[in-house]
Amino acid sequence: MKVSVIGAGYVGLVTASCLAELGNKVVCCDNDLKKIKQLKKGISPIYEPGLEELIRKNLKKKNLKFTSSIKEATKESEIIFIAVGTPSLEDGRADLTGIENVARQIAKNMPGYRLIIEKSTVPVNTGEWVKKTILAHIKGKIKFDVASNPEFLREGQAINDFMHPDRIVLGVDSKKAKELLLNLYKPLKTEILITDIKSAELIKHASNSFLATKISFINAVSYLCEKTGADIKEVAKGMGLDKRIGASFLEAGIGYGGSCFPKDVDAFINIAKELGYNFELLQVVKEINQQQKIFFLNKIKNALWIIKDKTIGVLGLAFKPNTDDIRNAPSLEIIRTLKKEGAKIKVYDPQAMPKAKAVLTDEIQFCKSPYQVAEGSDCLLLITEWQEFKELDFLRIKKLMKQPLIIDGRNLYEPKIMKKLGFKYIGIGRSANG
Ligand code: NAD
């Protein structure tokens, strides 16, 4: 099938490359000319395992092409996905400027029937607005459909998630839109849920807000573990074995970050408010998440006493492993706070350093390895649970450090083992063994 994807970010690029890999003819469009120039050469502007190979392979096969022209993307394909960003406005509402802009440009360039699909995460009722926008700008009597097909992929394993999703949600209000989408997704063997457009839009915000709630819940329980001497890993395991609860998203840490959860929880609170409901539960989810970073900073202060002039090593900048994405990463707030208090900061991340260099300009030492970070550090902070950090030579690390102190914001290490290796080790909710 002929498909266009507008927006070549984490979602758009993965969607375009995977749909090309499934044998479709895909045009991927972005208004960032630098990105398009790189992509035409087969260079991925983001780090996502396996993505660059897929791009190169499908460019070569001529299943995938890149353009900065929405006109071209609209002319070429009957099916058009909108996957542009929907960031937070200052008051927490979703900024839908990009969606409106793209809808307007599609409308002006439609040569015939088009199916326009919201892939971006958007508030309920956005589909209605997209329809109105297209009707207002369309030239002549051209038929079109709008659909919602929210994306659930996780950065770091996005290709696998796209190819093997838990479910595909299709919000449609016409037979034609339903058939086109069912045909497109036919090669993916998974449960397909067909709903109305508004329900599909709500499913995405409700899902992300629910996952954020799970994270904040276990983080709140981790505090109780610290105060009582229980171990959060054991508690989470015991809870997760209950099928009604499930084991995922029960990992205590320094809280969620990234480009989705913080903005989607904010947007959902605002959607509810506009509809007359005060979603207090999600306000508290947000507060617990923020508190988690403060608790972490307090652990550093309690261990080091004076922060000024201490050298603090940071392992991990990305908001989670296997990505270079640092949007809303907890690392940034932690580094900025410690820096303000006069600490010297050394950092290392396997993939996220180029992006971090653009935002952390404030005299931070970017290191070539975790060992260079450890050298002369009074304390090591584990912020992102990359596999590489799991396999460190800790005896070497210990020798390099000024004092052997590790504060583990992701519970990556085992307290007993770290203690045996001679470290003072502080995790989250693990005081029993620490
Ligand atoms: P992103 O910022 O990585 O990518 C958005 C892309 O859209 C950018 O390349 C930008 O240049 C382009 N763009 C913006 N306005 C444009 C316009 N008018 N014309 C053409 N291109 C334009 O964002 P992302 O992480 O891919 O997220 C996109 C959407 O998908 C968001 O709504 C997000 O909430 C949702 N989502 C993201 C994830 C994730 O893990 N990143 C997962 C599921 C859903």
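Predicted model: local features only at pLDDT ≥ 70, side-chain atom pairs only at ≥ 80, totals over all residues.
User: How many residues does the contact take from domain 1 and from domain 2?
Analyst: The area buried between domain 1 and domain 2 is about 1400 Å², with carbon and sulfur atoms giving 50% of that area. To the contact, domain 1 gives 18 residues and domain 2 gives 20 residues.

User: Which three residues supply 41% of the area that domain 1 buries against domain 2?
Analyst: On the side of domain 1 that touches domain 2, nine residues are nonpolar, five are polar and four are charged. More than any other three residues, the ones that supply this 41% are Tyr 10, Tyr 47 and Glu 155.

User: Which side chains meet in a salt bridge at 3.8 Å, N to O?
Analyst: Across the interface of domain 1 and domain 2 there are eight residue pairs in polar contact and one salt bridge. A salt bridge needs the nitrogen within 4 Å of the carboxyl oxygen. A distance of 3.8 Å, N to O, is found for the side chains of Glu 155 and Arg 327.

User: Which residues have the most contacts inside the largest nonpolar core, and which residues does Leu 338 touch?
Analyst: The largest nonpolar core has 60 residues, and Ile 300, Leu 338, Leu 381 and Tyr 413 have the most contacts inside it. Another core, of 41 residues, lies apart from it and includes Ala 8, Leu 19, Tyr 113 and Leu 115. Not counting residues up to four places away in sequence, Leu 338 touches Leu 297, Ile 300, Ile 307, Ile 312, Ala 343, Ile 345 and Leu 381.

Definitions and conventions
Residues numbered from 1 in each chain as written. Heavy atoms only, no water. Contact = heavy atoms within 4.5 Å. Buried area = accessible area lost by both parts, 1.4 Å probe. Polar contact = N/O pair within 3.5 Å; in protein donor to acceptor, adjacent residues only side chain to side chain. Nonpolar A, V, L, I, M, F, W, Y, C, P; charged D, E, K, R; others polar. Core = buried A, V, L, I, M, F, W, Y, C linked by side-chain atoms within 4.5 Å. Buried < 20%, exposed > 50% of the residue type's maximum accessible area, 1.4 Å probe, protein only.
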